[in-house]
Amino acid sequence: YRELLRLAKAQYRFVGFTEPSREEKTILWRHDVDISPHRARAVARIEAEEGMTSTYFVLLHATWYNALETEVVRIFEEIAALGHRIGLHFDPSHYTDREDLEPLMRLERTMLEATLQVPIESFSWHNPNQGNWIETLSAPSIAGMANAYSAAVRERFSYVSDSHGIWRFRRLHDVLASAEQQHLHVLTHPEWWVEEAMPPRARIARAIAGRASRNEHAYDEGIAAMGRPNVR
């Protein structure tokens with residue numbers, strides 16, 4: 001991961017989704033935190049050590065974590081304190097009425113800002129292809145937030161993603177090494193970036209086991225703190 005960051009830094013200027021368009025080589029580097037806030041923090045620390053910033057999009061209706069849980073809130077607070085931007089990862093499928101999404105997006109933005117005490121200035125769609133959100137809702141901004149999938153971003157920036165642990169549409173290392181693209185939009189999901197190489201399904205199993213272990217530990221600590229027997 002450090003190698004990728006260093007390749008990118010050598011060729012591109014890192015920018016956020018709210019910054020004005022530039023003619024120089026620029027890169028939008030973002031993370032959709034779908035599964036593991038803990039891996040997001042690990043990646044954020046590496047980026048800070050390398051002197052760069054990115055945008056972390058937080059999902060309020062995640063299956064894998066609770067964005068309002070105290071431990072998770074502290075993680076995202078640390079990520080913001082490292083100088084990274086926090087955005088909203090919005091899941092339209094959570095709601096039944098797609099015609100009324102904007103007030104719901106404003107509500108989620110307000111919730112996330114109040115929880116983390118940071119401005120939320122951009123958003124990305126969660127699973128955008130499932131509901132054709134990219135094509136139907138491609139305005140530059142919605143609910144006061146810059147749209148990571150706006151038509152302007154898609155037209156100007158070449159896109160590379162590691163969705164499902166597989167590079168789309170080219171390997172990021174190859175793209176950065178060639179530096180042929182003037183403007184790049186890079187999406188990585190922190191759960192795929194671990195210390196030792198393993199297949200995507202094994203990484204998911206690791207995330208599940210890690211959360212279960214933390215929950216068990218929290219239960220045991222609570223029982224001990226109350227001086228009650230831990231009946232097994």
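This report describes the fold, the nonpolar cores and selected residues of a predicted protein model.

## Basis of the description

The model is predicted, and local features are reported at pLDDT of at least 70, side-chain atom pairs count only at pLDDT 80 or more, and totals for chains, interfaces and linings use all residues. Residues are numbered from 1 along each chain as its sequence is written, and side-chain values use heavy atoms, with hydrogens and water left out.

## Overall architecture

The protein chain contains eight helices and nine strands. Here helices (H or I, at least four residues) and strands (E, at least two) are DSSP runs, numbered from the N terminus. Along the principal axes, the C-alpha atoms occupy a box of roughly 65 × 45 × 30 Å. The radius of gyration is 19 Å, which agrees with the value near 17 Å that a compact globule of 232 residues would have. That radius is taken over C-alpha atoms, and the globule rule is 2.2 Å times the number of residues to the power 0.38.

Of the 232 residues, 45% are buried. Buried means under 20% relative accessible area, exposed means over 50%, and partly exposed lies in between (1.4 Å probe, protein chains only). Among the contacts with a separation of 6 or more, 69% join residues 24 or more positions apart; a contact requires heavy atoms within 4.5 Å.

## Surface and charge

The protein chain exposes about 11900 Å², and carbon and sulfur atoms supply 50% of this area. Accessible areas come from the Shrake-Rupley method with a 1.4 Å probe; for residues, only the protein chains shown count as cover.

There are 27 positive and 32 negative side chains, and the centres of the two sets lie 4 Å apart. Lys and Arg count as positive and Asp and Glu as negative, whereas His and the chain ends are not counted. Each charge is placed at NZ of Lys, CZ of Arg, CG of Asp or CD of Glu.

## Nonpolar cores

The largest nonpolar core comprises 56 residues, and those with the most contacts inside it are Ile27, Trp29, Tyr65, Ile86, Met105 and Leu176. Helix α3 (residues 70-81) contributes the largest share of this core, with six residues. A second, separate core has eight residues, among them Val15, Phe17, Leu28 and Val153. Such a core is a set of buried Ala, Val, Leu, Ile, Met, Phe, Trp, Tyr and Cys residues joined through side-chain atoms within 4.5 Å.

Beyond its neighbours within four places in sequence, Tyr65 touches Val33, Asp34, Ile35, Pro37, Val58, Leu59, Val72, Phe76 and Arg211.

Ile27 belongs to strand β2 (residues 26-33) and is buried, at 0% relative accessibility. With neighbours within four places in sequence set aside, its contacts are Ala8, Tyr12, Arg13, Phe14, Val15, Leu176, Leu184 and Val186. Thr26 is also placed in strand β2 and is buried, with a relative accessible area of 3%. Under the exclusion of neighbours within four places in sequence, Thr26 is in contact with Tyr12, Arg13, Val15, Phe157, Gln182, His183 and Leu184. Ile27 and Arg45 are 18 residues apart in sequence, and their C-alpha atoms are 19 Å apart in space.

Ile46 lies in helix α2 (residues 37-49) and is partly exposed, at 22% relative accessibility. Leaving aside neighbours within four places in sequence, Ile46 meets Tyr1, Arg2 and Leu5. Between Ile46 and Ser21, 25 residues apart in sequence, the C-alpha distance is 27 Å.

## Loop residues and backbone geometry

The peptide bond from Arg168 to Phe169 is cis, with omega near 10°. Phe169 sits in the loop between β8 (158-161) and α7 (172-178). The loop between α7 and β9 (183-188) holds Gln181, a partly exposed residue at 23% relative accessibility. The C-alpha atoms of Gln181 and Lys25 are separated by 8.0 Å, although these residues are 156 residues apart along the chain. Apart from neighbours within four places in sequence, Gln181 is in contact with Tyr12, Lys25, Ser158, Arg170 and Val175.

Gln117, not a glycine, has a positive phi of about 60°. Gln117 is found in the loop between α4 (101-116) and β5 (122-125) and is exposed, with a relative accessible area of 64%. Ala143 likewise has a positive phi, of about 55°, although it is not a glycine. Ala143 occupies the loop between β6 (141-142) and β7 (145-147) and counts as buried, at 1% relative accessibility.
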